[in-house]
Amino acid sequence: MNIEKIKSEVRIELLTIQKDLIILVDSREKEKFRTKYIKYWEDKGFKTFVKRLETGDYSFVYKGVDYSNRFSIDKKAHVSELIGNLTEERFKRELERAEKFDYFSFCVETGRLSDIYEGKYSSNIKTKSAIALLETMKNKFQVDFIDGIFLPEYIYYKIHYYLRSCLIRTKMIQ
């Protein structure tokens, strides 16, 4: 199979999924992020909808089916926010809900995993405790440090490839 044919098939697949996809954004997400990300997605031709999500900050609807109880991405602006949340009751309840999801991930927009191991964060949590909490969390959920990657594009591709795998499993696409 030649590379041009593969590229063409991928473009067709992306457009096919895109026309029936609505990206959900949690209404509690900070306005400056919400506005910036929605503008990016809408400029790319995606539909968006703002609503309160019980778990996480981003999810989607595809062909009228709401996936927000199966798929979610929770954004943390920086490492200190993630570490600060680790001991909060609200955060623990969110993790309990997320355990039932097919896919749940945290993305840390700025900072690196090494920042946690080196204690480069603002929190009263000691480094060893932060590492233990984080590693325990990583055993259950995906945690991505995406410093330098444009977040709206990252979120879209996470949605796309999760949805693609669902459609392949149900034989809706090849």
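Student: What does the side chain of threonine 110 have a polar atom 2.8 Å from?
Tutor: The backbone oxygen of alanine 77. Keep in mind that this is a predicted model.
Student: How far is threonine 110 from isoleucine 149?
Tutor: Their C-alpha atoms are separated by 9.2 Å, and the two residues are 39 apart along the chain.
Student: Switching to aspartate 26. Which backbone nitrogen lies 2.8 Å from a polar atom of its side chain?
Tutor: That of leucine 53. Aspartate 26 itself is in strand β1, residues 21-26.
Student: Why does aspartate 26 count as buried?
Tutor: Because its relative accessibility is 3%, and buried means under 20%.
Student: What is aspartate 26 in contact with, leaving aside neighbours within four places in sequence?
Tutor: Arg34, Val50, Lys51, Arg52, Leu53, Gly56 and Asp57.
Student: OK, the helix at 151-169 next. How many residues does α7 have, and what span does it reach?
Tutor: Helix α7 has 19 residues and reaches 27 Å from its first C-alpha to its last. That is close to the 27 Å expected at 1.5 Å a residue.
Student: Which residues in α7 are buried?
Tutor: Among them are Leu151, Pro152, Tyr154, Ile155 and Tyr156. Further along α7, the buried residues include Ile159, His160, Tyr162, Leu163, Cys166 and Leu167.
Student: And what happens just after α7?
Tutor: Lysine 171 takes a positive phi there, about 60°.
Student: Which members of the largest nonpolar core touch the most other members?
Tutor: Leu21, Trp41, Phe60, Tyr62, Phe71, Ile155 and Leu163, out of 29 residues in that core.
Student: Which elements give two or more residues to this core?
Tutor: They are β1, α2 (31-43), β3 (58-62), β5 (71-78), β6 and α7. The most comes from α7, with nine residues.
Student: What lies apart from that core?
Tutor: Another core, of 20 residues, including Ile83, Leu95, Ile131 and Met137.
Student: Back to tyrosine 62. What is it in contact with, leaving aside neighbours within four places in sequence?
Tutor: Tyrosine 62 is in contact with Thr16, Ile17, Asp20, Leu21, Tyr67, Leu163 and Leu167. Of these, Leu163 and Leu167 are buried residues in α7.

Key
Residues are numbered from 1 along each chain as its sequence is written. This is a predicted model: local features need pLDDT of at least 70, side-chain atom pairs count only at pLDDT 80 or more; totals for chains, interfaces and linings use all residues. Side-chain values use heavy atoms; hydrogens and water are left out. Helices (H or I, at least four residues) and strands (E, at least two) are DSSP runs, numbered from the N terminus. Buried means under 20% relative accessible area, exposed over 50%, partly exposed in between (1.4 Å probe, protein chains only). A polar contact is a pair of N or O atoms within 3.5 Å; within protein, one must be able to donate a hydrogen and the other to accept it, and residues adjacent in sequence count only if both atoms are side-chain atoms. Contact means heavy atoms within 4.5 Å. The expected span of a helix is 1.5 Å times one less than its number of residues. A nonpolar core is a set of buried Ala, Val, Leu, Ile, Met, Phe, Trp, Tyr and Cys residues joined through side-chain atoms within 4.5 Å.
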